[in-house]
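Colleague: I would like to learn how to read a model of this kind, beginning with the place where chains meet. Could you take me through it step by step?

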Amino acid sequence: MTALSIRGLVAGYDPDLPIVKEVSIEVPEGQVLAILGPNGAGKSTLIRAVAGMVPTFGGEVRLAGRDVTGAPAHALARAGLGFVPQTENVFTRLSIRENLQIAAELLPRPARAERIAAMLAMFPDLGSRPEAAAGSLSGGQRQMLAAARALLSAPPVLILDEPSAGLSPKLVGQVFQTLRRIAEDGVTLVLVEQNVRAALELADRAVVLVDGRLAHDAPARDLIGNPLLGRLFLGGRAEQAA
Amino acid sequence: MTLQILVNGLVAGTTIGLGAIGLSLTYSILRFANFTQGDLIAWGAYLTLAVAGAIGGLLAGLGPAGPLAPFSFGWTLPVALLGGMALTVLLALGLDAVLFARLRARGADAIILVMAGFGASMALRAGLEFIFTSAPAYFTRELQIARPLGAGMRATPDQLLVLGLTAALVVALHLLVTRTATGRAMRAVGESPALAAVYGLDVAGVVRITWVIGASLACVAGTMSGLLVQIRPTMGFDLLLPLFAATILGGIGSIPGAMIGGLVIGLSESLAVQVLGAEWRAAAAFVVLVVVLLVRPSGLFGRGA
């Protein structure tokens with residue numbers, strides 16, 4: 001079954017100058033999809049539009065078959081779409097526990113404490129000091145908290161915008177290890193990532209966006225070390241590159 | 001100079017502090033300086049007065065309702081205050097729906113919202129004068145004798161009630177913001193409305209709650225001020241500078257800070273009246289505001305810039 005369906009999506013900040021141009025992607029349940037592309041290709045705008053944070057001007061978005069095109073971000077979160085922004089993805093003035101408590105509001109009351117405890121156990125760095133302000137966490141720990149927050153309500157689909165941005169290589173490894181665990185639990189993952197190798201090693205499938213349009217769609221393993229990817233990043237089209 | 005300045009300052013500071021809490025909340029969550037907060041205080045007082053009058057009219061056949069000893073007012077005032085709060089909340093929500101929400105939806109800059117608020121403030125004030133005239137009005141004409149508190153200080157029962165009610169409200173609000181899901185949501189939206197939406201919070205709902213709290217406090221502040229002094233259409237406008245001074249002194253978004261800021265401004269005004277003369281009252285708030293902006297722009301309890 002299709003977990004997330006994007007059909008002919010047009011999105012951006014100005015209807016006359018769309019950034020995302022008629023992009024169509026079907027993501028089956030449990031798949032890990034990497035969205036790759038050069039800077040300015042519209043990757044972040046695409047997933048932010050899917051998550052209800054950027055206006056859409058055409059096309060449709062379906063979550064488990066349900067039309068959610070243009071729905072506001074909070075409604076999409078309640079409908080089961082988890083989204084982790086690239087930066088400023090935790091409330092720095094709130095404690096770790098408070099960040100999780102806000103996310104837990106999406107769950108039935110009896111389940112909340114148990115899920116928060118489960119997340120704190122899953123991420124020991126967070127569980128060791130749950131009352132600390134999120135602003136005191138390192139970059140990697142913030143990404144962990146952001147992932148824990150998104151996972152707390154057990155969303156069927158989780159979208160991440162450059163989860164390794166700004167992190168040291170060691171922390172990048174930790175973040176991808178965490179994402180692998182999440183994927184093994186059957187969560188459908190969609191991630192935009194500049195660290196192409198790490199993304200392709202994690203993903204089942206990758207799409208390449210160039211200038212707001214879908215330029216290539218292939219199994220991730222086919223793209224590892226493939227010079228086609230480099231040519232696409234330099235602005236070529238798939239047929240030219242091949 | 002006597003310690004009576006302390007009592008006078010604290011009593012004046014309660015109105016400023018409660019109004020400043022509302023201003024601070026709207027500033028931290030809606031991210032603009034809401035010039036209508038002062039006029040919501042005035043409207044709150046008049047709406048409470050109108051509800052009290054309506055209750056009095058309905059119960060006229062039962063004979064006059066005497067004051068609740070030792071206070072100067074009868075039981076109708078607390079009941080009318082609840083009605084006044086509800087009506088002030090409706091006024092604030094209506095103002096937001098008609099004006100501010102539309103501007104926010106269009107992505108208006110903070111300065112546009114401030115200017116819109118300034119215009120709305122004038123309209124609200126003119127509306128009060130049109131409906132109630134500019135003649136002062138009173139909740140009660142009972143004469144209260146101030147009672148000795150010790151150390152040369154005196155206060156009327158009404159003044160002590162106002163101080164007690166204010167303290168209770170501040171504690172309740174502080175607990176609401178720091179210990180409840182509603183408070184967490186308000187702090188989250190105050191930090192980042194976009195991220196709050198990603199977390200699944202209904203930002204528009206949190207904005208409504210902020211208006212409800214701000215308008216309720218404005219009504220209580222206006223009613224308290226009206227009870228202790230008098231009600232005038234310009235009473236809120238006259239409070240604007242002290243409200244902003246208290247909000248900035250306490251630190252934007254801090255409830256205890258806004259209250260303490262209000263009390264400091266009230267004490268400063270009281271001291272200025274005693275030492276320099278009544279004409280210097282307004283200057284006290286201005287001086288405090290300038291000093292805070294120069295020395296600690298983030299305020300006493302504010303987060304650093």
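Modeller: Let us begin with the idea of a contact: two residues are in contact if their C-beta atoms, placed from the backbone, lie within 7 Å. This is a predicted model, in which local features need pLDDT of at least 70, side-chain atom pairs count only at pLDDT 80 or more, and totals for chains, interfaces and linings use all residues. Residues are numbered from 1 along each chain as its sequence is written, while chains are lettered from A and ligands numbered from 1 in the order in which they are written.

Colleague: How many residues does the contact take from chain B and from chain A?

Modeller: Chain B gives 16 residues to the contact, and chain A gives 22 residues. On the side of chain B that touches chain A, the largest share, 6 residues, comes from H6(B), where helices (H or I, at least four residues) are DSSP runs, numbered from the N terminus.

Colleague: Which residues of H1(A) are buried?

Modeller: A residue is buried if 20 or more other C-beta atoms lie within 10 Å of its own, exposed if 12 or fewer, and partly exposed in between, with C-beta atoms placed from the backbone. In H1(A), the buried residues are A:Lys43, A:Ser44, A:Thr45, A:Leu46, A:Ile47, A:Arg48, A:Ala49 and A:Val50. Because 8 of the 8 residues of this helix (residues 43–50) are buried, H1 of chain A is largely enclosed by the rest of the structure. After H1(A) comes A:Gly52, whose phi is positive, near 85°. Across chain A, 45% of the 242 residues count as buried.

Technical notes. Helices (H or I, at least four residues) and strands (E, at least two) are DSSP runs, numbered from the N terminus.
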